Amino acid sequence: MKQRKWLKEIRETKNMTQSNFAKLLNVPVTTYASWEQGVRTPSVDKAKEVAEILNIKWTIFFDHQVLEMSSK
């Protein structure tokens, strides 16, 4: 589990709370919080929604998984 501090920081630059952002994405706040905490990874569709709102590449959610797999 790797915390996604970058996700929180970018969200905060948009002056959005976790609750506001979760509502925008139509997901429970606990689900969104788990994405930021690195406990869960969003689906590809949700990752794309987040990326569009925050103006980031959606693949960033999955980049660390590839690195972890290649180090095993």
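Start by selecting helix H4, residues 44-54 (helices are DSSP runs of H or I of at least four residues, numbered from the N terminus). Here Lys 46, Ala 47, Val 50, Ala 51 and Leu 54 are buried, meaning under 20% relative accessible area with a 1.4 Å probe, protein chains only, while exposed means over 50%. These five lie on the same side of H4 because they cover an arc of only 140 degrees around the axis, taken from the directions from the helix axis to the C-beta atoms. An α-helix has 3.6 residues a turn, so residues three or four places apart point the same way.

Now turn to the other side of H4, where Asp 45 and Glu 52 are exposed. Step on to Asn 55, which follows H4 and has a positive phi, near 60 degrees.

A note on what you are viewing: this is a predicted model, where local features need pLDDT of at least 70, side-chain atom pairs count only at pLDDT 80 or more, and totals for chains, interfaces and linings use all residues. Residues are numbered from 1 along each chain as its sequence is written, and side-chain values use heavy atoms, with hydrogens and water left out.

Next, select Glu 36 in helix H3, residues 29-37. Is Glu 36 buried or exposed? Glu 36 counts as buried because its relative accessibility is 5%. Show its side chain together with that of Arg 11, and you will find a polar contact of 2.5 Å (N or O atoms within 3.5 Å, one able to donate a hydrogen and the other to accept it; residues adjacent in sequence count only if both atoms are side-chain atoms). Another polar contact, at 2.8 Å, links the side chains of Glu 36 and Tyr 32.

Finally, zoom out: the protein chain has 5 helices and 0 strands.

Conventions: Helices (H or I, at least four residues) and strands (E, at least two) are DSSP runs, numbered from the N terminus.
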